[in-house]
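Work through these exercises with the model open beside you. Try each task before you read its solution.

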Amino acid sequence: MLEFSKHILKSVSFDRSLFQKELKKMLNRLKPDEAMLLKAWALATFGHMYGDMIVDAYKNFSQA
């Protein structure tokens, strides 16, 4: 699921609102450890474009 999530984010990275929507959906579907790996990858890959959005999405992420 982690690799699929990366693929989707790469596919929608051209559009800020789509990127945000897909990231939020993924956070609800991934296991907590996968979500943290996705965060590191997303910040490394898209941090220059969407760093604020990524950090904000994880503020609301609960690792229940």
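**Exercise 1. A lysine and its partners**

Leaving aside neighbours within four places in sequence, which residues is K6 in contact with?

Solution. Start with the ground rules. This is a predicted model: local features need pLDDT of at least 70, side-chain atom pairs count only at pLDDT 80 or more, and totals for chains, interfaces and linings use all residues. Residues are numbered from 1 along each chain as its sequence is written, and side-chain values use heavy atoms, with hydrogens and water left out.

Step 1: Contact means heavy atoms within 4.5 Å.
Step 2: find K6 in helix α1. Helices are DSSP runs of H or I with at least four residues, strands are runs of E with at least two, and both are numbered from the N terminus.
Step 3: set aside the sequence neighbours within four places; K6 then touches L38 and W41.

**Exercise 2. Salt bridges within a helix**

Solution. Step 1: apply the rule. A salt bridge is a side-chain nitrogen of Lys or Arg within 4 Å of a carboxyl oxygen of Asp or Glu.

**Exercise 3. Buried or exposed?**

Classify E3, K6, K25 and E22 by relative accessible area.

Solution. Step 1: note the cut-offs. Buried means under 20% relative accessible area, exposed over 50%, and partly exposed in between (1.4 Å probe, protein chains only).
Step 1: compare each value.
- E3 has 55%, so E3 is exposed.
- K6 has 17%, so K6 is buried.
- K25 has 32%, so K25 is partly exposed.
- E22 has 15%, so E22 is buried.

**Exercise 4. A bridge between helices**

Solution. Step 1: look for the partner. The side chain of D52 meets that of R16, at 2.9 Å from N to O.
Step 1: D52 is in helix α3 (residues 32-59) and R16 is in helix α2 (residues 16-29). The pair is 36 residues apart and links distant parts of the chain.
Step 2: classify them. D52 is exposed at 52%. R16 is partly exposed at 37%.
Step 3: count. The rule gives three salt bridges.

**Exercise 5. The whole chain**

How many helices and strands does the chain have, and does its radius of gyration agree or disagree with that of a compact globule?

Solution. Step 1: count three helices and zero strands. Along the sequence the pattern is α-α-α.
Step 1: compare. For 64 residues a compact globule would have a radius of gyration near 11 Å; the chain has 10 Å, which agrees.
Step 2: The C-alpha trace spans about 30 × 20 × 20 Å along its principal axes.
Step 3: check burial. Of the 64 residues, 41% count as buried.
Step 4: look at contacts. Among those between residues at least 6 apart in sequence, 63% join residues at least 24 apart.

Note on methods: Rg over C-alpha atoms; globule rule 2.2 N^0.38 Å.
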